[in-house]
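Keep the picture open while you read.

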Amino acid sequence: MHFEFEHLGTTTPFELTEGQHLLGGGPEDHVRLEALPPGWLKLTIEDSRLTVEAAQTFTVNGVWVPPAVPRLVLPGEVVGLPEQMRLKVLQPPESGARGVGTVAVLKHLLTDGDGLVPSRAATLTCLTGLDVGRTFPLAEERTDIGRGTGVDFRLRDRAVSRAHVRILREDLTFTLVDLNSPNGVYLNGRRVQCSAPLAEGDVIELGKTLLRFQAAVEEPPPSTEPTERPAPTPPAPSPAEPQNAPSPPTAELARRPPMAEGWFIGLGVAMALAGVLITYALVG
């Protein structure tokens, strides 16, 4: 398999045979790069299919790959390394025409953000074959894929069985299940024995068809508004009135007679007493 290593504007081509190869700065690494730790990247080549795996996070065409997770790398894709180094998988020569590993893949469909539109539902995007560019949402709990008429996602690929694989959805978790297809199903370059979980950016291989899995974009939780409005704040007291001055009760004010009525009552009592005294003096 042909590669191209690029660092600081300098490009170096090299070739690796089938098997496992270590890329790093250790003395036992097959591809020696002094700036990397020993055994930083493991490359596995099997039947013209390349799988890469690292102990640390790296990128493939700008898509992050978590540590210790094998990732299928297609011809034309670029593996991002530390220290601004890049490893590109070159297209094989025309004479080595074998199935999927030699199919030219549209670059914009392999680059994160250039051809993949964020979706509220998880999706599968076809990268090769007659159905290249098709995107199928995985909104149901079960999605069957194959070339038969009774499946949910039909592929025009003679190497694909009528019912090849099934994808099960449980909330945000997706599982790939092989339906005992004769040609099998590969996930990131490794054959799925029974079932395997799917993660963002995974590449599924069915016959000569490659499908890329894109996880759903989680929506932010809706903003919660208070159900009860706070009680209105009472108005501040007037500066002319003391804040703590007690107001007289209404009943007490009602019982107090007006000042003018008090004078009239006192005058009447005095006149009555004077009349009694005068009458007593005349009679006596």
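Strands here are DSSP runs of E with at least two residues, numbered from the N terminus. The model is a predicted one, in which local features need pLDDT of at least 70 and side-chain atom pairs count only at pLDDT 80 or more, while totals for chains, interfaces and linings use all residues. Residues are numbered from 1 along each chain as its sequence is written, and side-chain values use heavy atoms, with hydrogens and water left out.

On a 1 Å grid over the protein atoms alone, a cavity is a set of points where a 1.4 Å probe fits but cannot get out; a pocket is an open set with protein on both sides within 12 Å along at least five of seven lines, and lining residues have an atom within 4 Å of a point. A volume is the space filled by probe spheres set on the points, which are joined across faces, edges and corners.

The structure has two cavities of 30 Å³ or more. Which strands each supply at least two residues of the lining of the second largest cavity? They are strand 1 (2-7) and strand 11 (85-89), and strand 11 gives the most, with three residues.

For the second largest pocket, strand 19 (190-191) and strand 20 (195-197) each supply at least two lining residues. Among the residues around this pocket are P66, N188, R190 and D202. The table sorts both linings, counting Ala, Val, Leu, Ile, Met, Phe, Trp, Tyr, Cys and Pro as nonpolar, Asp, Glu, Lys and Arg as charged, and the others, Gly among them, as polar.

| Space | Volume | Lining residues |
|---|---|---|
| Second largest pocket | About 200 Å³ | eight nonpolar, one polar, three charged |
| Second largest cavity | About 30 Å³ | two nonpolar, no polar, four charged |

**Aromatic rings**

Rings of Phe, Tyr and Trp (its six-membered ring) pair if their centres lie within 6.5 Å; planes under 30 degrees apart count as stacked, over 60 as edge-to-face and the rest as tilted. The count comes to three aromatic pairs. F3 and F14 are stacked because their ring centres are 5.3 Å apart and their planes are at 15 degrees. F3 lies in strand 1 and F14 in strand 2 (residues 10-15), so this pair ties together parts eleven residues apart in sequence.

Is F3 buried or exposed? Its relative accessible area is 0%, so F3 is buried (buried means under 20%, exposed over 50%, partly exposed in between, with a 1.4 Å probe and protein chains only). F14, at 22%, counts as partly exposed.

Key
Helix = DSSP H or I, 4+ residues; strand = E, 2+ residues; numbered from the N terminus.
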